[in-house]
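Visitor: Hi! Could you walk me through this one? I'm new to reading structures.
Guide: Happy to. Here it is.

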Amino acid sequence: MDANMVAPHGFQVYDERVVTLTVLTGNATITDPHDVREYLALFGRLERLAVRGEELEDLLEQISRDHRKLG
């Protein structure tokens with residue numbers, strides 16, 4: 001799985017018709033069907049990379065241990 005991808009900015013998918021973007025200077029509402037499909041595809045890729053359940057608990061515990069070591 002390619003975990004080197006990143007969302008260029010925050011976004012919220014409401015349905016197959018509306019996506020809102022959150023950027024440094026404001027918000028935008030995307031309704032163009034082609035653009036909405038791009039965000040749906042990006043969401044799908046991010047969802048497949050998501051860590052859940054015990055794997056997430058283990059990851060968060062490791063992050064916590066690493067953070068404590070930093071002082």
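Predicted model: local features only at pLDDT ≥ 70, side-chain atom pairs only at ≥ 80, totals over all residues.

Visitor: What about the radius of gyration of the protein?
Guide: The protein has 16 Å, while a compact globule of 71 residues would be near 11 Å. Along its principal axes, the C-alpha trace spans about 45 × 30 × 20 Å.

Visitor: Okay, new topic. How many helices and strands are there?
Guide: The protein has two helices and three strands. Starting at the N terminus, the order is β-β-β-α-α.

Visitor: In what order do the strands sit in the sheet?
Guide: They are arranged S1-S2-S3 in an open sheet, and the pairing is antiparallel. S1 (10–13) and S3 (26–30) are the edge strands, each pairing on one side only. On average, neighbouring strands are turned by 20 degrees against each other, with direction ignored.

Visitor: What holds strands together in general?
Guide: Strands of a sheet pair through backbone hydrogen bonds, and the pairing can be parallel or antiparallel.

Visitor: Where does helix H1 lie?
Guide: H1, residues 33–49, lies across S1, S2 and S3. Its direction is at about 105 degrees to S1.

Visitor: Which residues make up the largest nonpolar core?
Guide: There are seven: Phe11, Val19, Leu21, Ile30, Val36, Tyr39 and Leu42. S2 and H1 are the elements that give two or more residues to this core. H1 gives the most, with three residues.

Visitor: Why would nonpolar residues gather like that?
Guide: As a general point, nonpolar side chains in soluble globular proteins tend to be buried together.

Visitor: Back to Val36, then. What is Val36 in contact with, leaving aside its neighbours within four places in sequence?
Guide: Val36 is in contact with Asp15, Glu16, Arg17, Val18, Val19, Ile30 and Thr31.

Visitor: Now something else: which element is Leu49 in?
Guide: Leu49 is in helix H1.

Visitor: Why does Leu49 count as partly exposed?
Guide: Its relative accessibility is 23%. Buried means under 20% and exposed means over 50%, so Leu49 counts as partly exposed.

Visitor: How far apart are Leu49 and Met5?
Guide: In sequence they are 44 residues apart, yet in space their C-alpha atoms are 9.5 Å apart.

Visitor: Last one. Among contacts between residues at least 6 apart in sequence, what share joins residues at least 24 apart?
Guide: In this protein, 36% of those contacts do.

Technical notes
Residues numbered from 1 in each chain as written. Heavy atoms only, no water. Pairing = 2+ DSSP bridges. Helix = DSSP H or I, 4+ residues; strand = E, 2+ residues; numbered from the N terminus. Axes fitted to C-alpha atoms, helices over the stretch in contact; angles between N-to-C directions. Contact = heavy atoms within 4.5 Å. Buried < 20%, exposed > 50% of the residue type's maximum accessible area, 1.4 Å probe, protein only. Rg over C-alpha atoms; globule rule 2.2 N^0.38 Å. Core = buried A, V, L, I, M, F, W, Y, C linked by side-chain atoms within 4.5 Å.
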